[in-house]
Amino acid sequence: MTPPRIDRWLMKSEPDEFSIDDLAAKRGCRGAWDGVRNYQARNYLRDGMRIGDLAFFYHSSCPIPGIHGVVSIARAAYPDPAQFDRRSAYFDANSTAAAPRWSAVDVRLVERWDAPVTLERLRTLAPCARMVALRRGNRLSITPVTASEWRAVCVAAGR
């Protein structure tokens, strides 16, 4: 039996690198989600995400980490251009145009929340007890979200 396809995600970004406000300021509220340099997260981008999938936009490595809104996947995976740019912090000398190592997707802002669902609050939500993003030691910037986790977070956000 084939497992159900994942169509809900959590995408982490450091707000001083790329915030939900940065996305909202872009033309069409659309931008590239690039710079992912972890193979498992890359695999989720490349092999799992499809146009129309939804994702929570999570701010990490900041004073109050948490989910600040929802984005949708607007463009499926494509080679991350930063891997070929020698001036980029994400340059990869071992990646070639014929065999790109890293992927990016484009996201579009669906909804920016007035108040985030903080990490502290997420940890209190019973349906989120097994959420991949909350597991001790998890460092992935992209993780799947189950239907029950999605609903619990949306309710906590007042949606």
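Aspartate 53 is placed in the loop between helix 2 and strand 3. The model described here is a predicted one. With a relative accessibility of 3%, aspartate 53 counts as buried, because the cut-off for a buried residue is a relative accessible area under 20%. The side chain of aspartate 53 makes a polar contact of 3.2 Å with the side chain of tryptophan 9. When residues up to four places away in sequence are not counted, aspartate 53 touches Arg5, Ile6, Asp7, Trp9, Gly48, Val71, Ser72 and Ile73.

Leucine 54 belongs to strand 3, which covers residues 54-59. Its relative accessible area is 21%, and leucine 54 is therefore classed as partly exposed. The C-alpha atom of leucine 54 is separated by 6.5 Å from that of aspartate 7, although the two residues are 47 residues apart along the chain. Neighbours within four places in sequence aside, the contacts of leucine 54 are Asp7, Arg8, Trp9, Val70, Val71, Ser72, Val110 and Trp150.

Strand 1 consists of residues 8-13, and five of these six residues are buried, so the strand is largely enclosed by the rest of the structure. Strand 1 pairs with strand 3 in the parallel sense, over six bridges. Within strand 3, phenylalanine 57 stands opposite methionine 11. Strand 1 also pairs with strand 6 (residues 142-144), here in the antiparallel sense and over three bridges. Tryptophan 9, whose side chain takes part in the polar contact with aspartate 53, has proline 144 of strand 6 as a bridge partner. In a regular strand, side chains alternate between the two faces of the sheet.

Helix 4 spans residues 147-156, and its buried residues are Glu149, Trp150, Ala152, Val153 and Cys154. An α-helix has 3.6 residues a turn, so residues three or four places apart point the same way. The cover over the buried residues of helix 4 includes strand 1, strand 3, strand 4 (66-79), strand 5 (103-118), helix 3 (119-122) and strand 6. Just after helix 4, glycine 158 has a positive phi of about 80 degrees.

Positive phi values also occur at two residues other than glycine. Cysteine 29 has a phi near 50 degrees and is located in the loop between helix 1 (20-25) and strand 2 (30-33). The relative accessible area of cysteine 29 is 25%, which means that this residue is partly exposed. Serine 61 has a positive phi of about 50 degrees and lies in the loop between strand 3 and strand 4. Serine 61 counts as exposed, with a relative accessibility of 57%.

Serine 95 is found in the loop between strand 4 and strand 5. This serine is buried, with a relative accessible area of 8%. The side chains of serine 95 and glutamine 83 are joined by a polar contact of 2.5 Å. Beyond the residues up to four places away in sequence, serine 95 touches Gln83, Phe84, Pro100, Arg101 and Trp102.

Finally, open space in the model was considered. Rolling a probe the size of a water molecule over the atoms shows where empty space is left. The largest pocket has a volume of about 820 Å³. This pocket is lined by 28 residues, of which Lys12, Ser13, Glu14, Ser60 and Ser141 are the closest to its centre. Strand 1 and strand 2 each contribute at least two residues to the lining of the largest pocket.

Key: Residues numbered from 1 in each chain as written. Predicted model: local features only at pLDDT ≥ 70, side-chain atom pairs only at ≥ 80, totals over all residues. Heavy atoms only, no water. Buried < 20%, exposed > 50% of the residue type's maximum accessible area, 1.4 Å probe, protein only. Helix = DSSP H or I, 4+ residues; strand = E, 2+ residues; numbered from the N terminus. Pairing = 2+ DSSP bridges. Contact = heavy atoms within 4.5 Å. Polar contact = N/O pair within 3.5 Å; in protein donor to acceptor, adjacent residues only side chain to side chain. 1 Å grid on protein atoms, 1.4 Å probe; cavity = no way out; pocket = protein on both sides within 12 Å on 5 of 7 lines; lining within 4 Å. Points joined across faces, edges and corners; volume = space filled by probe spheres on them.
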